[in-house]
Amino acid sequence: MERCDFCELPVGGGCACSLSKDDGTARARTGTVAAGSVFPAGAVLVSPRGVAHRPGCMHQNDNEVTAPQWGWIPEPDPQLWRRISEGSPAQATHGNTARVATRRCQSCDA
């Protein structure tokens with residue numbers, strides 16, 4: 001059975017990440033990242049404003065996600081995305097490691 005690269009649940013059998021959207025934002029959730037992206041599909045990108053994004057997010061170009069403005073977590077715990085909140089911040093491990101995400105991008109989260 002095929003499993004989601006991000007949440008590791010069965011695709012079509014519990015994985016909400018694989019729900020397709022007409023706007024194309026599902027590409028990062030299904031393991032497909034825009035051509036030229038330097039980040040793995042499951043990476044968490046941490047913006048200067050403390051917002052977590054996934055590769056392929058329509059709010060930024062992955063090629064512009066660079067230190068010192070951005071931080072990222074290239075291979076996070078599969079459950080990290082759902083835990084990101086004020087009470088459970090995600091600390092960047094690469095790039096600008098001072099960046100901390102306390103909320104998730106709504107487009108990436110849909």
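This is a predicted model: local features need pLDDT of at least 70, side-chain atom pairs count only at pLDDT 80 or more; totals for chains, interfaces and linings use all residues.
Let me start with the largest nonpolar core, which has 14 residues, and the ones with the most contacts inside it are Val44, Ala52, Leu80, Trp81, Ile84, Ala90 and Ala101. By a nonpolar core I mean a set of buried Ala, Val, Leu, Ile, Met, Phe, Trp, Tyr and Cys residues joined through side-chain atoms within 4.5 Å, where buried means under 20% relative accessible area, exposed means over 50%, and partly exposed lies in between, with a 1.4 Å probe and protein chains only. At least two residues of this core come from each of strand S1 (44-46), strand S2 (51-53) and helix H1 (80-83); helices (H or I, at least four residues) and strands (E, at least two) are DSSP runs, numbered from the N terminus. Another core, of 6 residues, lies apart from it, and includes Ala43, Leu45, Val65 and Trp70.

Residues are numbered from 1 along each chain as its sequence is written, and side-chain values use heavy atoms, with hydrogens and water left out.

Now to the charged side chains: the structure holds 3 salt bridges, each a side-chain nitrogen of Lys or Arg within 4 Å of a carboxyl oxygen of Asp or Glu. Asp109 pairs with Arg82 at 2.6 Å, N to O, and this links helix H2 (residues 106-109) to helix H1, with the partners 27 residues apart. Arg104 also meets Asp109, at 3.1 Å, and shared partners join Arg82, Arg104 and Asp109 into one network.
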